Amino acid sequence: MTMAPAPAVGQPVDRVDGPAKVTGSARYSAEITVPGTTYAAIVGARTARGRITRIDTSEAEDAEGVLTVLTHHNLPKLATEPRLGLSLFGHAAAGQSFFPMQDDLVHYYGQPVALVIADSLERAQHASRLVHVHYERGASTTTLDEGRGEAYEPEAIFAGFIPGRSARGDVDAALAAASTRLSATFRLAANHHNPIEPSATTAVWDGDRLTLHDSTQGVVATQTTVAQHLGIPRSQVRVLTRFVGGGFGCKAAIWPHVTLAAMAARRVRRPVKLVLTREQMFTSCGHREEQEQHIEIGATDEGRLTALRHHKLSLTSPFDEWAEPSLGMAGQVYACPNYEGVYRLVRGNTMTPTFTRGPGEISGMFALECVMDELAHELGLDPLELRLRNHAEVDPISGHPWSSDGAMECYRRGARRFGWQERDRRPRSRREGNWLIGTGMATAAYPVTFPMQPQRARARLYADGTAVVQAATQEFGTGVATVVTQVAADGLGVPLDRVRFEYGDTDLPNIAATVGSAGSGMVSAAVHTAVTALRDEMVGQAVSDPDSPLHDADPATVVVHGGRMQLRDHPDTGETYSEFMRRHFMTDCDALGSWNPPPHDVPHGLATFGAQFAEVAVDPDLGVVRVRRMTGVFAPGRVLNARTARSQAMGGMLWGLGHALLESTLVDAREGRWANTGLGEYLVPVNADAPDIDIEFVDVQDKVVNPLGVKGIGEIGTVGAAAAIANAVFHATGRRVRELPIRIEHLL
């Protein structure tokens with residue numbers, strides 16, 4: 001009997017987009033230049049709050065090459081008021097409910113107040129400096145401390161999808177009765193995304209039809225949002241985005257510059273390219289907000305959690321009640337019967353914050369996991385043992401079982417790989433030369449999210465045995481084009497090199513934005529549905545064909561390997577797709593697949609679990625922290641590609657290192673502006689900071705989330721990394737640092 005070839009799914013296949021990227025043939029949005037392209041430059045407000053009293057554009061308009069200058073005096077009004085939305089849910093996904101240049105009010109520093117369009121980028125940038133804006137300035141609020149007295153509790157956050165307060169049991173009574181009670185407050189600096197590719201949009205009108213080349217995590221989200229802003233049918237907007245140079249959440253929402261580019265192009269009747277500068281990336285695409293979290297925790301002498309109160313205070317914009325959902329997984333990951341989570345907001349003069357990689361979980365789990373480490377120290381327990389005793393076997397909110405778990409195995413494997421059992425629990429117990437050595441660990445947890453609408457893909461099989469799969473998604477560095485090719489090859493039963501994936505175009509079947517670690521799950525599910533429908537159609541036609549060797553066979557007994565349909569138990573009986581199609585004079589055959597996500601009230605807890613371990617070295621004289629090694633073990637459901645999954649987990653862990661030790665956007669409160677708007681001053685990890693990283697995946701089967709059991713790997717690697725590092729710093733030095741990033745002055 002002929003052995004079936006090994007499946008492509010799960011293998012460490014090289015990236016299909018790799019050759020295009022290393023040879024430079026991959027084209028990004030800012031690199032798309034159509035004939036007649038003009039260039040736009042944004043003029044940002046130089047005050048955090050106020051009113052524009054006068055704009056003098058005459059000098060800019062007279063500059064060489066300038067076509068026009070748009071301000072609130074001559075920019076058309078939006079057809080519909082923008083509404084803060086979530087791109088995963090298919091509707092318009094404006095990053096904030098405020099759109100600039102509609103009136104004379106200024107709400108935050110850097111807010112667009114004018115747009116210059118010229119025949120070259122250099123001329124547009126030069127003329128933008130010739131626009132003179134005069135303000136009546138007002139008092140601004142740009143930090144939590146400035147607005148603390150005005151804090152309030154919203155009904156809901158996160159575009160209205162998450163309630164401002166949640167509770168179970170009686171926290172006050174449980175805290176009063178607890179044998180051990182701890183209280184801690186954590187401060188976390190604002191963070192910005194800083195992808196290598198700045199946001200960029202090229203807008204081209206052809207009559208009443210608009211084409212946008214946009215750097216976005218969701219081509220359909222861009223299409224829907226811009227169409228609503230302009231008051232035109234979605235069918236008249238086409239968005240093309242093949243490659244994206246990083247997003248991390250800032251390109252999941254659709255920000256005003258995208259619609260501004262379209263409005264400018266309609267005004268000058270020529271294509272317009274608008275590329276944000278690095279400084280404008282700090283004032284145009286959202287951020288992770290400055291926040292403060294307070295935790296009270298109660299436990300028994302054996303370390304069983306009895307009470308958890310988790311409150312968060314954060315800075316939002318004047319017009320949206322946005323906070324990243326930091327209290328989500330932090331309130332679910334442990335079996336604690338009494339819980340209270342409350343969000344409080346301060347309205348500040350900032351743009352609306354947005355998704356930033358691991359939105360909410362990276363910050364909320366940092367605070368919780370540091371308190372868990374402190375509780376273990378207080379009780380004289382091993383931090384790992386404390387977590388093992390408190391792992392929630394079911395979702396503590398609903399009481400439903402997890403769709404899949406794997407947390408306990410992640411703890412055990414991670415501890416074994418890291419060598420946790422060799423650890424001396426006493427702080428400052430290990431030294432190498434002048435370096436204090438410490439180790440720490442933390443739980444990683446991230447929710448499994450679904451889009452609300454069906455996800456679609458198309459598969460087409462040609463008579464030469466090749467296949468093309470299509471879906472309106474985009475490749476922003478995660479490897480989606482590669483894993484989709486693997487899924488399609490296995491579903492059709494054809495060799496990997498016979499499959500081509502076409503994507504990055506809203507003319508293709510609808511896919512929601514790739515956010516919330518949902519991308520691989522929903523795209524692979526849609527593609528799997530399409531290719532299996534096509535495979536079943538071909539098999540059905542073959543068993544109905546009197547001239548086929550498979551005539552009258554039970555379709556359930558037919559398998560496809562190497563493009564050949566054959567009986568499972570008699571592989572010599574069969575024929576190839578090509579043989580069948582040529583006999584029937586078919587040039588091709590296609591199928592549209594539609595995957596309907598599970599309902600959001602599915603009776604299961606939905607989460608991905610993992611465990612993070614870190615070793616640090618701290619110089620007690622200089623306060624310098626070096627992360628020497630990290631171990632991460634995760635249970636993300638089915639892994640579609642071992643190589644790209646490992647890259648995602650490693651990138652997440654390094655992101656967590658940056659969150660712990662480096663990343664902080666500072667506010668100059670005198671002017672209400674971000675003070676370090678560049679990669680020379682906003683610090684991110686570089687190769688010299690990268691420690692040895694050890695990664696393993698725990699295989700868990702999940703029959704709830706989607707047909708392939710894919711839960712997602714994009715963000716789980718970020719969660720727990722900062723807490724593991726902070727806990728290791730305590731173990732090394734004996735000092736608790738409750739502020740991120742951990743700075744030298746915290747340790748001196």
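Which element gives the most to the lining of the second largest pocket? Strand β28 does, with four residues.

## The model

This is a predicted model, in which local features need pLDDT of at least 70 and side-chain atom pairs count only at pLDDT 80 or more, while totals for chains, interfaces and linings use all residues. Residues are numbered from 1 along each chain as its sequence is written, and side-chain values use heavy atoms, with hydrogens and water left out.

Helices (H or I, at least four residues) and strands (E, at least two) are DSSP runs numbered from the N terminus.

## The second largest pocket

The lining of the second largest pocket has 38 residues, and Leu661, Leu662, Ser664, Pro741 and Arg743 lie nearest its centre. At least two lining residues come from each of β10 (180–188), β28 (624–635), α15 (642–661) and β32 (739–740).

A pocket is an open set of points on a 1 Å grid over the protein atoms alone, where a 1.4 Å probe fits, with protein on both sides within 12 Å along at least five of seven lines; lining residues have an atom within 4 Å of a point.

Helix α6 covers residues 219–230. The buried residues of α6 pack against β11 (200–206), β12 (209–214), β13 (237–240) and α7; contact means heavy atoms within 4.5 Å. Glycine 231 follows α6 and has a positive phi, near 75 degrees.

Helix α7 (residues 256–268) is also mostly covered, with eleven of its 13 residues buried. Among them are Pro256, His257 and Val268. Just after α7, arginine 269 has a positive phi of about 60 degrees.

## A three-stranded sheet

Strands of a sheet pair through backbone hydrogen bonds, either parallel or antiparallel. Here three strands form an open, antiparallel sheet in the order β23-β24-β25; two strands pair if DSSP finds at least two bridges between them. Strands β23 (558–561) and β25 (574–576) each have a single partner strand, so one side of each lacks a neighbour in the sheet.

Strand β24 (residues 564–567) pairs with β25 over three bridges, and methionine 565 has glutamate 575 in β25 as its bridge partner. Helix α13 (residues 519–543) lies across β23, β24 and β25 and runs at about 120 degrees to β23. Axes are lines fitted to C-alpha atoms, for helices over the stretch in contact, and angles run from 0 to 180 degrees between N-to-C directions.

Notes. Buried < 20%, exposed > 50% of the residue type's maximum accessible area, 1.4 Å probe, protein only. Expected span 1.5 Å × (residues − 1).
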